[in-house]
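Welcome! Have the sequence and the 3D view ready, and try each exercise before you read its solution.

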Amino acid sequence: MSRLSRSPVSVPSGVDVTIDGQHVHVKGSKGTLEHDAHPSVVMLREDATLCFRPAEGADNGEALAGTTRSLVNNMIVGVSQGFQKKLRLIGVGYRAQMQGSTLNIALGFSHPIDFPVPEGISIETPSNTEIVVSGIDKQKVGQTAAVIRGFRPPEPYKGKGVRYSDENVIRKEAKKK
């Protein structure tokens with residue numbers, strides 16, 4: 001069983017955390033995020049640290065305290081540093097470019113894919129074959145990157161498709177005659 005909820009979360013300077021009952025409001029240099037914690041979790045502020053404990057008599061309080069600790073920690077990291085995911089396009093003719101607030105991707109289909117950028121997310125294309133998704137909300141950044149990757153996931157024979165920059169695609173051997 002994880003004991004993650006027992007380690008406190010340190011609040012760096014420049015980040016303002018406000019706890020109002022079960023509502024957490026985090027404000028930093030990159031923006032603000034809010035979260036409503038489960039009633040089975042007790043949140044305590046002690047100087048520059050936050051502590052999370054299960055409420056008295058809560059059956060699943062330990063698990064929810066660990067989950068809430070991770071979510072609030074991700075909020076603090078997001079508003080102070082931000083998150084980013086890098087994608088690579090591998091394949092002949094695969095390319096991406098930003099056009100206003102729309103990501104235009106050519107992935108070998110008969111039509112280009114126009115992906116509208118969600119609110120709170122910024123997408124950059126440093127080159128034709130690289131996409132950088134960044135933002136302050138870790139879940140939104142990961143979900144947006146997963147949606148873009150889902151347009152053409154890497155296939156196992158030639159490795160063509162959209163993949164994360166640190167993803168390792170296991171290749172299969174082709175049929176033998």
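**Exercise 1.** Strand 8 and strand 9 form a hairpin: how many residues lie between them, and which residue in the turn has a positive phi?

*Solution.* Before starting, note that this is a predicted model, where local features need pLDDT of at least 70, side-chain atom pairs count only at pLDDT 80 or more, and totals for chains, interfaces and linings use all residues. Residues are numbered from 1 along each chain as its sequence is written, and side-chain values use heavy atoms, with hydrogens and water left out.

Step 1: find the strands, which are DSSP runs of E with at least two residues, numbered from the N terminus. Strand 8 covers residues 95–99 and strand 9 covers residues 102–106.
Step 2: look at the pairing (at least two DSSP bridges between two strands). These two run antiparallel and are joined by five bridges; for example, Ala96 has Ile105 as its bridge partner.
Step 3: inspect the turn. Two residues lie between the strands, and Gly100 has a positive phi of about 70°.

**Exercise 2.** Work out the strand order in the open sheet of four strands, and say which strands stand at its edges.

*Solution.* Step 1: the order is 11-12-7-13, with antiparallel pairing.
Step 1: strand 11 (121–124) and strand 13 (161–164) are at the edges; each has a single partner strand, so one side of each lacks a neighbour in the sheet.
Step 2: neighbouring strands are turned by 25° against each other on average, direction ignored. Angles run from 0 to 180 degrees between N-to-C directions, with axes fitted to C-alpha atoms, for helices over the stretch in contact.
Step 3: zoom in on strand 7 (83–90) and strand 12 (130–135), which pair over six bridges. Here Gln84 stands opposite Ser134.

**Exercise 3.** Find the partner of Arg6 in a salt bridge.

*Solution.* Step 1: recall the cut-off, a side-chain nitrogen of Lys or Arg within 4 Å of a carboxyl oxygen of Asp or Glu.
Step 1: the whole structure has three salt bridges. In one of them Arg6 pairs with Glu62, and the closest N and O atoms are 3.9 Å apart.
Step 2: Arg6 is in the segment before strand 1 (9–10) and Glu62 is in helix 1, 56 residues apart, so the pair links distant parts of the chain.

**Exercise 4.** Describe the open sheet of three strands.

*Solution.* Step 1: its order is 2-3-4, with antiparallel pairing.
Step 1: strand 2 (16–20) and strand 4 are the edge strands, each with a single partner strand.
Step 2: the twist averages 15° from one strand to the next.
Step 3: strand 2 and strand 3 (23–27) pair over five bridges, and Asp20 has His23 as its bridge partner.
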